[in-house]
Amino acid sequence: MEAVRTHWDRAPGWERWAVYALLVIGALFLPYEGLAPVMSPESSWQTILFYPIGIYVLLALGLNVVIGYAGMLDLGYVAFWAIGAYTMATMAVKHGIGFWPLLPCGIVLAAVSGVILGAPTLRLRGDYLAIVTLGFGEIVRKVAENTNWLGGTRGINNIPHPPSHEGVWFAGVDLFTYKIRDARPYYYLLVAVIVLVVIFSKRLEASRIGRSWTAIREDEDAAEIMGVPTFKFKLLSFATGAAIGGSAGVVFAAKTSYVAPANFPFLLSATILAAVVLGGAGNIPGVIVGAFLVAWLPERFRGLADYRDLAFGAILVAMMIFRPEGLIPSRQRKAEMAEGGGGMGHLGAEIDTSGSEAEVGSR
């Protein structure tokens, strides 16, 4: 892995873009029916490519901005997904607004929700912030359950699909013909959104904003002393992650044509968090791989019936024991884990200072 990283760091621009293009092309051919017997023998491979795999990847990329970049633990991330989904459902069904205008609306409303949640709470840290975000996720779900305008526990159905435009074919798929029974056009739409989010995230990571998030993640007090407006950048991180979650919600609602509070349990927030940590928080390729595995493994082992969750949990436990930094960690996070800092600010393990304390005592 280190040899690959070293080569990648020195690779010319054309080589990097060629690899990016090959990865996108590979993603476009994933719905190939010949993969189904290997990847998902017990269920529809093309359907699970959209959900849970595609949705989990997009949600993990959004949560990675909050956890991997800024080091803040968010246990209520599913709330922003729900806000995007209910924006699509209510505005489309009750007011007849189409998918394309609602996609940016869902993103903006989710981002605003992130600001509303973050403004009074982001002065908290660690466990306290985690508890507040967990409560926010449950509040959103309970509001949806008890609000008739949002459909209550029955939810909202008959959500219209995106407008179709026939005649554009790729690999035997009419790309812009959206029907509930064919998940492939929605999967390709999701791939386009994921590519845009990856580009956006990488640009942020390399910017002044990304460097500020890294400083906050490692030592918020030191970052504040060095002149970083920590509260402003933490709020921006929350809003950015929420916006990405909102985009996933809009696409999900348009595909399923039905949303209900039961679609947004706390367990899903924990699952997306596990995907980010498993893949390697702060590293986009690792997060994508982690989300893919967390979404795919339970479907692959569906034939084990009640034992599939046990097998999936055993794999996660083994990963945390033998590779706690994640499958594909960034170099920085790997070094932080080796030093005992955890690589996630207040969320990681404390640095072992026993040796230095003993040295001071001997002096």
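I started with Thr-87, which is buried, at a relative accessible area of 7%. Buried here is under 20% relative accessible area, exposed is over 50%, and partly exposed is in between, with a 1.4 Å probe and protein chains only. The model is predicted, so local features need pLDDT of at least 70 and side-chain atom pairs count only at pLDDT 80 or more, while totals for chains, interfaces and linings use all residues. Residues are numbered from 1 along each chain as its sequence is written, and side-chain values use heavy atoms, with hydrogens and water left out.

**Entry: Thr-87**

I placed Thr-87 in helix α5, residues 78-95. Helices are DSSP runs of H or I with at least four residues, strands are runs of E with at least two, and both are numbered from the N terminus. Where does the side chain of Thr-87 reach? I found the backbone oxygen of Ile-83 at 2.7 Å. I count a polar contact as a pair of N or O atoms within 3.5 Å; within protein, one must be able to donate a hydrogen and the other to accept it, and residues adjacent in sequence count only if both atoms are side-chain atoms. Leaving aside neighbours within four places in sequence, I listed contacts of Thr-87 with Ala-92, Leu-102, Cys-105, Gly-106 and Leu-109. Contact means heavy atoms within 4.5 Å.

**Entry: largest pocket**

I read a volume of about 1,900 Å³ for the largest pocket. The 49 lining residues include Tyr-20, Val-198, Ile-284, Pro-285 and Ile-288, the closest to the pocket centre. On a 1 Å grid over the protein atoms alone, a pocket is an open set of points where a 1.4 Å probe fits, with protein on both sides within 12 Å along at least five of seven lines; lining residues have an atom within 4 Å of a point. Grid points are joined across faces, edges and corners, and a volume is the space filled by probe spheres set on the points.

Which helix gives the most to this lining? I found α8, with ten residues. Helices that each supply at least two residues include α1 (2-10), α2 (13-28), α4 (45-69) and α8 (184-205). By class, I counted 30 nonpolar, eight polar and eleven charged residues in the lining of the largest pocket. Ala, Val, Leu, Ile, Met, Phe, Trp, Tyr, Cys and Pro count as nonpolar, Asp, Glu, Lys and Arg as charged, and the others, Gly among them, as polar.

**Entry: second largest pocket and Thr-271**

The second largest pocket holds about 460 Å³. I noted 18 lining residues, with Tyr-56, Leu-267, Thr-271, Val-294 and Pro-298 the closest to the centre. α12 gives the most to this lining, with five residues. α4, α12 (266-279), α13 and α14 (308-322) each supply at least two. The classes are 13 nonpolar, two polar and three charged.

I then followed Thr-271, in helix α12. Thr-271 is buried, with a relative accessible area of 19%. A polar atom of the Thr-271 side chain lies 2.8 Å from the backbone oxygen of Leu-267. Beyond residues up to four places away in sequence, Thr-271 touches Tyr-56 and Val-294.

**Entry: α4**

I checked how covered α4 is: 23 of its 25 residues are buried. α4 bends by about 40° at Leu-63. The bend is the angle between axes fitted to the seven residues ending at a residue and the seven starting there. A cis peptide bond joins Tyr-51 and Pro-52, with omega of about 15°. Pro-52 lies in α4. Just after this helix, Gly-71 takes a positive phi of about 75°.

Most residues other than glycine have a negative phi. I logged Asn-158 with a positive phi of about 60°. Asn-158 sits in the loop between β1 and β2 and is exposed, at 63%. Ser-257 also has a positive phi of about 60°. Ser-257 lies in the loop between α11 (230-256) and β4 (258-259) and is buried, at 13%.

I ended on Ser-164, in the loop between β1 (156-157) and β2 (169-170). Is Ser-164 buried or partly exposed? Ser-164 is partly exposed, with a relative accessible area of 37%. The Ser-164 side chain reaches the backbone nitrogen of Tyr-178 at 3.0 Å. Not counting residues up to four places away in sequence, Ser-164 touches Phe-176, Thr-177 and Tyr-178.
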